[in-house]
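User: Could you take a close look at the ligand sites in this model and walk me through what surrounds them? I would like the cut-offs spelled out as you go.

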Amino acid sequence: MAEQQKDDEILGKAYDSKIMRRLLTYVKPYKKYVVMAIIMNIIVAALPAVRPLLSKIALDTYIANKDYNGLLMISMIVLAVLILQAVVQYYLTYYSEYMGQKIVYDLRVQIFKHVQKLALRYFDKTPVGRTVTRVTNDVDSLNEMFSSGIVQVFSDVFVIIWIYVFMFGMAWDLALVVLLVMPFLIYATMVFRKKVRETYRDVRKHLANLNSYMQEHVTGMNIVQIFAKEKDELEKFSAINGEYRAANIKSVFYYAVFFPVVELLSAITFGLIIWYGGGEVIQSKLTLGVLIAFFQYTEMFWRPVRDLSEKYNVLQQAMASSERIFKLLDDETFIPDAENPVKLEKVKGEIEFKNVWFAYNPGEYVLKNVSFDIKPGETIAIVGATGAGKTSLINILTRFYDIEKGSITLDGIDIRQLEKRDLRKYISMVLQDVFLFSGNIKTNINLGNDEITDAQIIEAAKTVGADKFISKLPNKYEEEVKEKGATLSVGQRQLISFARALAYNPQILILDEATSSVDTETEILIQEAIQKLLVGRTSIVIAHRLSTIQNANKILVMHKGELKEMGTHQELLAKKGIYYRLYQLQYKDQEVVRTV
Amino acid sequence: MLDRKRKGNGLELFGNLVHLKKYFLRYKGTLALGFIFIILSNIGNVYIPLLVKGAFDELQKKLSTDIIVKNAILIALTSAFAGLFSFLIRQTIIVVSRKIEYDLRKDFWEHIQKLPMRFFQNNSTGNIMSHATNDINSVRSFVGPSVMYSVDNGVLFIMTLSILFSLSTKLTLYTLIPLPFMSLFVYLVMSKIHSRYTKIQEKFSELTTRAQENFSGIRVIKSYFRENYEIDQYSKISDEYFQRKMNLVKLQAFFHPIFFVIAGLAFIIIFLVGGNMIINNELTVGTLTAFILYLSMLIWPMISFGWVANMIQQADASMKRLMKIFNEPYEISENENTNHVIKDLQGSIEFKNVSFRYKDDLPVVLDNVSFKIEQGQTIAFVGHTGVGKSSLINLIPRMYDATGGEVLIDGINVKNIPIGILRTNIGLVPQENFLFSDTLANNIVYGITDGSQILIDKVTEIAQLNKDVETFPNGFETILGERGITLSGGQKQRSSLARALAIDPKILILDDSFSAVDTHTEEEILKRLKEFMKNRTSIIISHRISTVKDSDKIFVIDKGKITEQGTHDELVAFGGIYADLHTKQLLEEELSEME
Ligand SMILES: Nc1ncnc2c1ncn2[C@@H]1O[C@H](COP(=O)(O)OP(=O)(O)OP(=O)(O)O)[C@@H](O)[C@H]1O
Ligand SMILES: Nc1ncnc2c1ncn2[C@@H]1O[C@H](COP(=O)(O)OP(=O)(O)OP(=O)(O)O)[C@@H](O)[C@H]1O
Ligand SMILES: [Mg+2]
């Protein structure tokens with residue numbers, strides 16, 4: 001997690017050519033827009049530069065010569081230029097924004113796709129909020145760079161170039177005088193950049209803290225309220241919020257200094273023009289018109305310079321965001337499919353674990369040297385104390401995680417040789433941690449899979465006894481389900497998640513504490529219903545209530561990551577080992593009751 | 001739709017921002033200072049063209065360079081003067097905007113902390129988050145840059161205009177001709193921006209929510225191999241977002257060109273009219289130059305006027321969204337009947353004709369339920385899935401309020417007990433576990449301010465978590481994954497139990513708290529809990545007879561009513577639902593015996 005935290009502090013270089021090159025690959029499909037934008041930019045940039053030239057002509061030629069018609073003509077030309085500029089500008093903005101948004105769309109979908117492929121190890125260590133930020137805010141912040149950023153920078157640079165071209169054309173010595181200020185401007189910008197970068201990192205860091213705090217506490221708000229911690233939490237929140245504010249205020253300072261400095265430099269340029277140009281005019285080396293044109297150019301020149309430093313900010317943000325995005329895209333915590341996977345057309349359901357070792361964190365083995373086999377159509381049960389490794393055992397069967405040592409085979413084929421899609425198609429799991437999506441009951445059972453018919457959905461719901469409460473809901477199967485199923489009772493949620501597994505009609509069914517929150521009557525009904533379903537299918541059942549598993553063909557007893565005992569209920573009782581003791585414990589009270 | 005908008009008065013376009021008044025008032029001193037700085041800095045700014053004009057008029061006379069040099073230096077000095085104040089402007093106004101952002105976010109948080117569970121069920125996390133981030137952000141842009149630029153530009157505009165008038169009234173009036181057209185245009189476009197922007201924000205919320213849900217439920221998606229479907233869905237939403245963005249862009253792209261066309265028109269007018277006036281000797285070239293300079297000073301404010309208008313619209317739309325949340329009622333709050341004298345609770349509980357339903361169109365969950373629990377008793381609730389057990393116990397710490405009848409603790413209606421006192425005296429272990437991504441130790445002492453290691457050891461021993469912790473390389477300092485994801489199901493449940501025990505509650509409520517715990521461990525926990533529960537009122541919900549059978553009293557809930565109550569033996573003898581449950585659990589075991 002600490003490692004993840006740093007992600008949000010990634011500052012990268014302000015301009016990293018490697019990242020830029022990679023970003024530009026996303027522009028490739030839109031090459032024609034870029035070309036178009038650049039052409040329009042040259043036009044848009046050139047046109048304003050023409051205006052002072054025209055005003056010079058107006059002043060020196062027509063007004064000086066009292067030629068009103070000439071003045072009218074030149075005004076019409078200015079108007080035409082203006083309208084042309086407006087039209088081009090409109091399309092420029094539209095198309096560059098279009099391109100930017102398209103690229104953002106492409107990138108967003110790509111990131112989302114990538115995340116879908118990532119292994120659970122990634123999700124274990126990464127707060128959801130951070131990944132969400134990547135596909136939302138981070139990508140969005142690239143838009144500005146692609147749409148206004150790159151194009152605008154082009155246009156600003158063009159404007160500056162054009163302005164110089166015109167200025168040099170009119171009076172090269174005066175243009176050189178104007179250039180005198182440049183070194184100071186460059187220096188000021190460099191200092192500004194350095195400072196802003198530092199504060200930007202702080203801002204990012206505190207913002208990330210703020211977001212993950214809010215995200216987590218919104219999710220767990222009921223705990224905050226149950227423990228009446230609102231006041232403490234508000235203090236904690238205010239502290240984080242305050243740090244964010246402080247970082248922002250600090251960065252305001254540098255902007256506050258930088259912009260007046262740019263203004264000052266621009267005023268100095270004015271002064272220089274008047275001082276030098278004024279002398280020239282008095283000596284009649286220069287016309288007044290030229291001087292006025294120079295004023296306009298100077299004014300025009302500083303605008304893009306100011307813009308460029310604002311754009312610098314956009315660039316910096318984009319660089320930081322894209323570095324985080326690329327880091328995610330380069331994260332290859334995948335469970336890879338084999339190069340030449342074995343196709344599985346049909347599955348019998350024979351499973352074998354051979355000397356399996358598994359660890360979530362390197363070296364900390366959660367499963368140690370586990371071996372067993374399940375014949376097709378068998379039902380096996382896994383029991384053991386909490387934390388013994390039962391869930392882990394089935395997590396590796398569907399390749400949520402890959403094992404360290406040993407092998408797991410399905411129908412004699414190593415599961416790493418199979419495609420994950422096949423593997424998971426044949427195996428359905430009722431997960432211990434129930435998760436419902438917002439949508440309705442139906443979409444929660446079929447998960448958007450149209451191949452599962454309504455009849456199948458209802459059938460599955462009936463099998464697990466969920467149909468009873470669903471049919472009482474105002475909209476039945478169309479009843480809205482809120483985020484995480486919040487408006488259903490915990491047991492009801494579990495039933496829906498159970499129905500989901502049945503609706504997928506799997507060859508192999510895995511139940512991890514699938515009825516732990518369900519009442520006994522419903523549980524018994526499910527067991528009976530499922531008995532029929534399970535004929536010819538392989539199933540693995542994890543349960544703490546021993547009563548639910550006694551029919552199993554084989555019972556595995558896990559203890560601290562090791563498979564300690566294996567056999568039928570009777571065999572294990574006869575062994576008088578761990579299972580026997582568990583069994584004794586669970587039923588001794590009832591024993592007493594019965595003998596009374 | 002648009003017509004209706006257009007007919008509305010101006011307030012409709014930024015009426016929601018009025019709600020920011022109290023924040024502005026809080027910083028009125030600094031803001032006033034900021035406005036003064038704006039005026040001062042603009043005085044400097046508008047003085048510069050006057051200096052230029054002076055230099056020009058001098059130039060035309062072609063006398064000496066003295067005044068010219070003097071003016072050149074003055075220009076630099078004036079700019080330094082203006083610059084100082086423009087620095088101060090940012091240091092006041094923009095800094096205030098950050099403070100207001102802080103205040104607003106703090107108020108937002110304080111507010112949602114008090115909102116009832118119902119609110120969090122109806123609004124997804126992603127949605128709430130996008131309010132707290134994007135919407136507050138866009139309001140901040142209004143408070144800072146928008147206010148700064150509009151005041152700045154407004155002042156500049158007025159000052160420039162008065163100077164222009166003083167230079168030449170006629171020329172100025174001509175220059176102003178395009179202005180009304182601009183206002184009309186702004187008005188027309190603004191109202192459309194508002195609604196399009198709102199649509200974008202809504203989609204963005206959806207993008208966030210969808211991603212959020214997908215990543216949280218990734219295990220389910222992976223195990224049913226629904227990745228491709230999810231990708232399709234997400235692409236679809238992304239595409240809609242794209243479309244809505246482009247809808248706004250189509251409008252926004254107008255702003256820039258239109259404003260500079262209008263500014264440009266003014267420019268042309270100056271040349272035509274001014275030129276003519278010079279020809280007729282009504283105007284000097286210096287004045288014309290000053291006009292041109294002033295006008296180019298005005299072009300940017302005019303263009304940025306469009307930009308500001310656009311930001312204000314977005315801010316207003318965001319403020320509207322925020323106000324919707326700010327207007328959510330607390331539902332569960334203290335009122336004038338709250339008895340603040342109450343500092344402690346004893347722990348007897350009574351339900352008097354309590355009825356409860358979640359919503360008017362949903363069926364009744366509890367129907368006229370009455371019962372009494374003496375202080376220090378241990379009682380249990382059993383009943384079928386979805387019968388209303390969790391709903392019932394949630395009424396005690398007022399996670400919900402009863403819709404009929406009253407819930408009493410120590411004979412006092414819970415609605416009259418200060419919420420803080422009520423909740424700190426109740427240790428509720430919710431059926432659904434939630435742990436923070438903090439250390440295990442911090443999670444356990446969450447409910448108390450000063451948690452010692454001794455206390456942690458004590459409660460983890462009761463919850464039988466100590467043996468698990470021993471196997472963790474970092475022990476109690478282990479940092480948990482989000483929602484405790486790196487713990488096993490049983491470990492999560494027992495951590496959540498330990499957390500409730502740590503607050504030393506008068507009333508302990510366990511909502512199916514052993515469902516993920518194996519029977520052996522459960523037995524051990526129950527044994528230790530018995531000692532802990534002495535002198536405390538305890539409520540246990542469970543589906544297992546073994547968990548509830550030792551309770552002083554067992555209540556069976558069915559169809560919204562309490563249908564049976566008594567001790568284990570009494571209920572078994574009674575032959576109702578409980579006895580049936582008992583037989584079934586016995587039967588299961590007997591069946592296996594016979595195998
Ligand atoms: N994602 C994970 N990352 C790191 N450690 C984990 C992870 N999931 C589980 N563990 C650890 O692995 C061990 C075995 O957990 P597992 O979930 O397999 O237990 P279990 O037998 O299913 O327990 P329960 O009956 O409580 O569900 C536990 O100590 C747990 O803390
Ligand atoms: N927030 C809610 N909004 C609307 N209906 C709800 C909400 N929470 C629960 N319900 C409904 O109220 C009824 C009672 O739910 P409750 O959670 O109290 O049941 P329960 O007895 O605790 O069940 P379980 O044994 O499954 O935990 C159920 O039908 C459920 O669907
Ligand atoms: Mg419940």
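Analyst: Happy to. Because residues from chains A and B surround ligand 1, the site is shared between chains. This is a predicted model, in which local features need pLDDT of at least 70 and side-chain atom pairs count only at pLDDT 80 or more, while totals for chains, interfaces and linings use all residues. Residues are numbered from 1 along each chain as its sequence is written, chains are lettered from A and ligands numbered from 1 in the order in which they are written, and side-chain values use heavy atoms, with hydrogens and water left out.

Let us begin with ligand 1. Around it are 21 residues, and those that come nearest are A:Gly387, A:Thr391, A:Ser392, B:Gly490 and B:Gln491; a residue is near a molecule if one of its heavy atoms lies within 4 Å of it. Polar contacts (pairs of N or O atoms within 3.5 Å; within protein, one must be able to donate a hydrogen and the other to accept it, and residues adjacent in sequence count only if both atoms are side-chain atoms) come from both chains. From chain A, a polar side-chain atom of A:Ser392 lies 2.4 Å from an oxygen atom of ligand 1, and a polar backbone atom of A:Ala388 is 3.1 Å from an oxygen atom of the ligand. From chain B, the side chain of B:Gln491 places a polar atom 2.7 Å from an oxygen atom of ligand 1. On its own, ligand 1 has 630 Å² of accessible area, and the protein covers 90% of that; such areas come from the Shrake-Rupley method with a 1.4 Å probe, and for residues only the protein chains shown count as cover.

Which elements give two or more residues to the shell around ligand 1? They are helix H12 (390–397) of chain A together with helix H18 (489–502) of chain B. Helices (H or I, at least four residues) and strands (E, at least two) are DSSP runs, numbered from the N terminus. By class, this shell divides into seven nonpolar, twelve polar and two charged residues. Here Ala, Val, Leu, Ile, Met, Phe, Trp, Tyr, Cys and Pro count as nonpolar, Asp, Glu, Lys and Arg as charged, and the others, Gly among them, as polar.

Now for ligand 2, which lies between chains A and B. Its surroundings comprise 22 residues, of which the closest are A:Ser489, A:Gly491, A:Gln492, B:Ser390 and B:Ser391. Chain B makes several polar contacts with oxygen atoms of ligand 2: a backbone N or O atom of B:Lys389 at 2.7 Å, a polar side-chain atom of B:Gln431 at 2.8 Å, and a side-chain N or O atom of B:His543 at 3.5 Å. Taken alone, ligand 2 exposes 630 Å², and the protein buries 89% of this area. Helix H17 (490–503) of chain A and helix H13 (389–394) of chain B each supply at least two residues of the shell, whose classes are eight nonpolar, 13 polar and one charged.

For context, here is chain B as a whole. It has 22 helices and ten strands, and its C-alpha atoms fill a box of roughly 120 × 50 × 50 Å along the principal axes. Of its 595 residues, 62% count as buried, meaning under 20% relative accessible area, with exposed over 50% and partly exposed in between (1.4 Å probe, protein chains only).
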